[in-house]
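Me: I would like to learn how to read a fold from its model. Can we take the features one by one?

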Amino acid sequence: MAGMDTLDKIRRKIAIYIVDYSIEWSDILFNGIECSEPFYIKKFANGEEFINFLKNEKLSRRITHVALIGYTFYDEKNQTLMNGIEILESLKKIKPFVNAIMLANEDEQEYGGYVKKLGAVAVINKDDSALLRINNHIALLFSKQALAQRKKDFKIALYIWIGTIIITASYLLIGYYLI
């Protein structure tokens, strides 16, 4: 059913991307995120996969995109891969409209101010209240984007209405002078 897939994509209002090395944390986030609006979650094991996805995928600006990014990543040989700061920098170059929330372990909290300067919306510690804070940030980001979209839609409707009034008035004036 290809038509149903398209319909599901249209109905989605929030896209969440989990980019974290820890499979345990990715699963906790995947199963624990709750939104009042239809949403979609995609997991990535490292930054390279996520950046390739962003480069190849056309993302709609009409929906809220939120990337939950961890700081450290390792490969099978325990070598460090692209870190969370590098992922954030690449994200903001490729798709600056995607909101980033950084996920920090206890020993990674000192990067908070720096990543906010780079464009992260928030830095959330990986602890017992992380899911609650993530859900609150996602709801806030969605509300802000929905309000901005309503303002844009209102302006368009207002311009169309004013244009209709001007055209109608022009026809009436032309008709009045021709009679």
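The dialogue below goes from the overall layout to single side chains.

Me: What should I know about the model before I start?

Reply: This is a predicted model, where local features need pLDDT of at least 70, side-chain atom pairs count only at pLDDT 80 or more, and totals for chains, interfaces and linings use all residues. Residues are numbered from 1 along each chain as its sequence is written, and side-chain values use heavy atoms, with hydrogens and water left out.

Me: How many helices and strands does the protein chain have?

Reply: Start with the definition. Helices (H or I, at least four residues) and strands (E, at least two) are DSSP runs, numbered from the N terminus. Here the protein chain has six helices and five strands. From the N terminus on, their order is α-β-α-β-α-β-α-β-α-β-α.

Me: In what order do the strands of the sheet stand?

Reply: Look at pairing. Two strands pair if DSSP finds at least two bridges between them. In this case five strands form an open sheet in the order E2-E1-E3-E4-E5, with parallel pairing. E2 and E5 stand at the edges with a single partner strand each, so one side of each has no neighbour in the sheet. From one strand to the next, the twist averages 20°. Axes are lines fitted to C-alpha atoms, for helices over the stretch in contact, and angles run from 0 to 180 degrees between N-to-C directions.

Me: Which residues stand opposite each other around E4?

Reply: Strand E3 (residues 64-70) runs parallel to E4, joined by five bridges. Ala67 stands opposite Ala100, and Val66 opposite Asn99. E4 also pairs with strand E5 (residues 120-125) in the parallel sense, over five bridges. There, Met102 has Val123 as its bridge partner.

Me: Is strand E4 enclosed or open?

Reply: Buried means under 20%, exposed over 50%, and partly exposed in between (1.4 Å probe, protein chains only). Six of the six residues of E4 (residues 99-104) are buried, so the strand is largely enclosed by the rest of the structure. Asn99, Ile101 and Leu103 point one way, while Ala100, Met102 and Ala104 point the other way. For the protein chain, 34% of the 179 residues count as buried.

Me: Which strands does helix H4 lie across?

Reply: Think in contacts, meaning heavy atoms within 4.5 Å. H4 (residues 84-94) lies across E1, E3, E4 and E5, and runs at about 180° to E4. Contacts also show how the chain folds back on itself. Among those between residues at least 6 apart in sequence, 66% join residues at least 24 apart.

Me: Which residues of helix H2 are buried, and which are exposed?

Reply: Check both sides of the helix. In H2 (residues 23-32), Trp25, Ser26, Leu29 and Gly32 are buried. They cover an arc of only 150° around the axis, which puts them on the same side of H2. The arc is that of the directions from the helix axis to the C-beta atoms. On the other side, Ile23, Glu24 and Asn31 are exposed.

Me: How many salt bridges does the structure hold?

Reply: Side chains of opposite charge can pair when their charged atoms come close. The cut-off is a side-chain nitrogen of Lys or Arg within 4 Å of a carboxyl oxygen of Asp or Glu. The structure holds five salt bridges. One of them joins Lys126 and Asp20, with the closest N and O atoms 2.8 Å apart. Lys126 lies in the loop between E5 and helix H6 (130-178) and Asp20 in the loop between E1 and H2, so the pair ties together parts 106 residues apart in sequence. Lys126 is buried at 16% relative accessibility, and Asp20 is buried at 4%.

Me: Which backbone atom does the side chain of Asn46 reach?

Reply: The side chain of Asn46 reaches the backbone nitrogen of Glu49 at 2.9 Å. Asn46 sits in the loop between strand E2 (39-44) and helix H3 (47-56). Its relative accessibility is 16%, so Asn46 counts as buried.

Methods:
A polar contact is a pair of N or O atoms within 3.5 Å; within protein, one must be able to donate a hydrogen and the other to accept it, and residues adjacent in sequence count only if both atoms are side-chain atoms.
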